[in-house]
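Some labels applied to a structure follow from a value and a cut-off.

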Amino acid sequence: MEANLVLSYQSFSKVSIRNIKINTYYKYNKLAYPSTCCVLTKPPHNNHSSNYHVYKDNWFDDLAINHLSQSIQATTGLRNKKSGYEGFVEAARVVYVNFNSTHQANLVIESLQRAFPKPILSLVKMLLPESKWAREYCAIFTTIFFPWLVGPCEVKESEFKGRKENNVVHIKKCRFLEETNCVGMCTNLCKMPSQLFIKDTLGMSVNMVPNFDDMSCEMIFGQDPPPPDTDPAFMQPCYKLCKLNNKHQTDCNSQIKKKDHLEIS
């Protein structure tokens with residue numbers, strides 16, 4: 001939390017220092033009266049901390065989070081000692097800072113393949129060829145079994161080829177995006193690999209459309225995603241308070257592409 005620290009010098013209007021941390025020590029030689037007034041202020045617009053959701057994970061949530069986290073760590077060979085969702089985010093962060101965007105997507109897909117046995121996915125793909133029923137089933141399944149990953153979500157209706165279908169999952173505030181506060185981690189470690197993984201394993205097209213203003217997202221089953229070079233999500237600048245300080249100057253996605261250009265493809 002930040003505050004306005006106002007140092008009195010004859011009157012509050014003479015000397016004013018704004019937006020400094022409360023615990024920081026400041027000296028001012030000419031203070032006539034050693035009094036200090038601190039006024040709490042609202043956090044920056046894109047900090048989102050005022051509406052931060054506190055999750056109370058149950059045993060199933062903890063089991064699923066740990067399983068996916070360990071799958072990522074086993075794939076990369078890079079371990080961390082953190083637990084719960086914090087350990088999962090740390091495993092994802094390690095992927096993001098150590099590999100280029102192509103390798104990031106491939107590593108996440110490989111991790112998902114470790115987490116979800118291929119025979120089961122192949123069976124689901126065979127039993128659920130793409131149809132209205134399959135799209136709506138995927139939407140319902142996501143809202144029941146994946147809130148531990150993305151946060152509270154609900155099924156919404158949309159128009160699909162001239163007909164109404166309940167094929168959209170509306171994620172009210174993405175847990176992963178809120179925790180990372182990084183656009184690049186959202187697009188490179190969630191959106192892109194998830195779209196590819198679901199298409200490859202289930203034969204189901206899905207377009208994930210994040211809203212970086214309110215951190216919501218929509219998963220539209222049956223809709224092909226646009227190519228990355230025309231997808232608005234990949235043109236979005238990162239948050240000013242991105243938790244990866246070395247990657248938030250302009251656009252995490254742009255910076256990753258620059259890194260790709262320098263590395264061996």
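The questions and answers that follow concern a predicted model.

Q: Why is Leu63 called exposed?
A: Leu63 has a relative accessibility of 53%. The label exposed applies over 50%, so Leu63 counts as exposed. Leu63 sits in helix α1.

Q: Which helix gives the most to the nonpolar patch?
A: Helix α5 does, with six residues. Both α1 (59-76) and α5 (132-145) supply at least two residues each.

Q: Why are α1 and α2 called roughly parallel?
A: Their axes cross at roughly 25 degrees. Angles under 35 degrees count as roughly parallel, and α1 and α2 therefore take that label. The axes come within 9 Å, and the crossing is left-handed.

Q: What makes the pair Asp57 and Arg175 a salt bridge?
A: The closest N and O atoms of Asp57 and Arg175 are 2.9 Å apart. The cut-off is 4 Å, so the pair qualifies as a salt bridge. It links distant parts of the chain, 118 residues apart: Asp57 is in the loop between β3 (36-40) and α1, and Arg175 is in helix α7 (residues 175-180).

Q: Are Asp57 and Arg175 buried or exposed, or partly exposed?
A: Arg175 is at 5% relative accessibility; buried means under 20%, so Arg175 counts as buried. Asp57 has a relative accessible area of 26%, which lies between the limits of 20% and 50%, so Asp57 is partly exposed.

Q: How do you know that Glu218 and Lys156 form a salt bridge?
A: The N to O distance between their side chains is 3.2 Å, and the limit is 4 Å. Glu218 lies in strand β7 (residues 216-221) and Lys156 in strand β4, so the pair ties together parts that are 62 residues apart in sequence. Glu218, at 24% relative accessibility, counts as partly exposed; Lys156, at 32%, is partly exposed.

Q: What makes Asp231 and Lys191 a salt bridge?
A: The closest N and O atoms of Asp231 and Lys191 are 3.0 Å apart, and a salt bridge requires a distance within 4 Å. Asp231 and Lys191 are both buried.

Note on methods:
Residues numbered from 1 in each chain as written. Predicted model: local features only at pLDDT ≥ 70, side-chain atom pairs only at ≥ 80, totals over all residues. Heavy atoms only, no water. Helix = DSSP H or I, 4+ residues; strand = E, 2+ residues; numbered from the N terminus. Buried < 20%, exposed > 50% of the residue type's maximum accessible area, 1.4 Å probe, protein only. Axes fitted to C-alpha atoms, helices over the stretch in contact; angles between N-to-C directions. Parallel < 35°, antiparallel > 145°, perpendicular 65-115°, else oblique. Left-handed = near helix turned anticlockwise from the far one by under 90°.
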